[in-house]
Amino acid sequence: MNAKKRVASSAQISVQSAPGARPAALAAPGSGDFPQSSQQALRNARASVSAMPRPRICVVEDEPDIAEVLEFNLERAGFAVEVARRGDTALEAIRRRPPALIVLDLMLPGIDGLELTRLLKRDPATARIPLVMLTAKGEEVDRIVGLELGADDYVPKPFSPREVVLRIQSVLRRRGGDAGAAADPVVGAGTIRLDPEAHRAEVRGEELPLTATEFRLLKVLLERQGRVQTRARLLADVWGYSEDVDSRTVDTHVRRLRRKLGPESERLETVIGVGYRLRP
Ligand code: CA
């Protein structure tokens, strides 16, 4: 309780006024300032700005002041914001409707920030949502653990809201680069075909009943066909760095996947002492 109080009091927010945050084109003009056509153009411009889908950010923060400042600044930067005050309710909300990015405080009621990160990274449906952590003084170790768990960035408290907005925009830009590199292409080997967009895998035209993990495992092996994948590499890329996954988990999943591949099973080769390779 004491530790919590201490963190709360150290987490002051320095609110910086962002110069030029309100673009001149969006400033409300006095009604006599513009000729009719300019006003119409302005209205149209405003309408098209508000019609654009706004990326949704989930802010998980139990301190109302901080949550409010973040919400205000993120909305001003063009994001839609959803605030969750507890780790467990955040998890439900994120699973129900995955946001574009999560801003996560570490000390939270319900489930703490690190545990929440673990749970999100373990679930294929939420593993790829970018995550920015807010860390208070004395949480350096947690910060390192958080980054190892797969958080994309962190912002130390006390922070300037402008800084947080910039970090979030930069994380989204980086991620956008990945996702924007064209839609996930269909991959295949022999009669195996895997369509990431349709989330469908087949052998000789028959759909395979794969679990989400088996699907991702097959996808990674197909994308890197002909190259050996170590168990550690597969754990990182398929399971998302989850530290409590044993490397034997890989073997179990490969065995199950091989069974499901049926006539193509021998294409998934074991490279003794190293890992696995999918023969092209
Ligand atoms: Ca907190």
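**Exercise 1.** Which residues are exposed on the other side of helix 3?

Solution. The model is a predicted one.
Step 1. Locate the element: helix 3 covers residues 64-76 and has 13 residues.
Step 2. List its buried positions, which are I66, V69, L70, N73 and L74.
Step 3. These residues cover an arc of only 120 degrees around the axis, which puts them on the same side of helix 3. An α-helix has 3.6 residues a turn, so residues three or four places apart point the same way.
Step 4. On the other side of helix 3, P64 and D65 are exposed.

**Exercise 2.** Compare the span of helix 3 with the expected value, then find the residue with positive phi that follows the helix.

Solution. 
Step 1. From the first C-alpha to the last, helix 3 reaches 18 Å.
Step 2. At 1.5 Å a residue, 18 Å is expected, and the span is close to that.
Step 3. After helix 3 comes G78, with a positive phi near 100 degrees.

**Exercise 3.** State the geometry of the peptide bond from K157 to P158 and where P158 lies.

Solution. 
Step 1. Omega of this bond is near 0 degrees, and the bond is cis.
Step 2. P158 belongs to the loop between strand 5 (153-156) and helix 7 (161-180).

Note on methods:
Residues are numbered from 1 along each chain as its sequence is written. This is a predicted model: local features need pLDDT of at least 70, side-chain atom pairs count only at pLDDT 80 or more; totals for chains, interfaces and linings use all residues. Helices (H or I, at least four residues) and strands (E, at least two) are DSSP runs, numbered from the N terminus. The expected span of a helix is 1.5 Å times one less than its number of residues. A residue is buried if 20 or more other C-beta atoms lie within 10 Å of its own, exposed if 12 or fewer, and partly exposed in between; C-beta atoms are placed from the backbone. The arc is that of the directions from the helix axis to the C-beta atoms.
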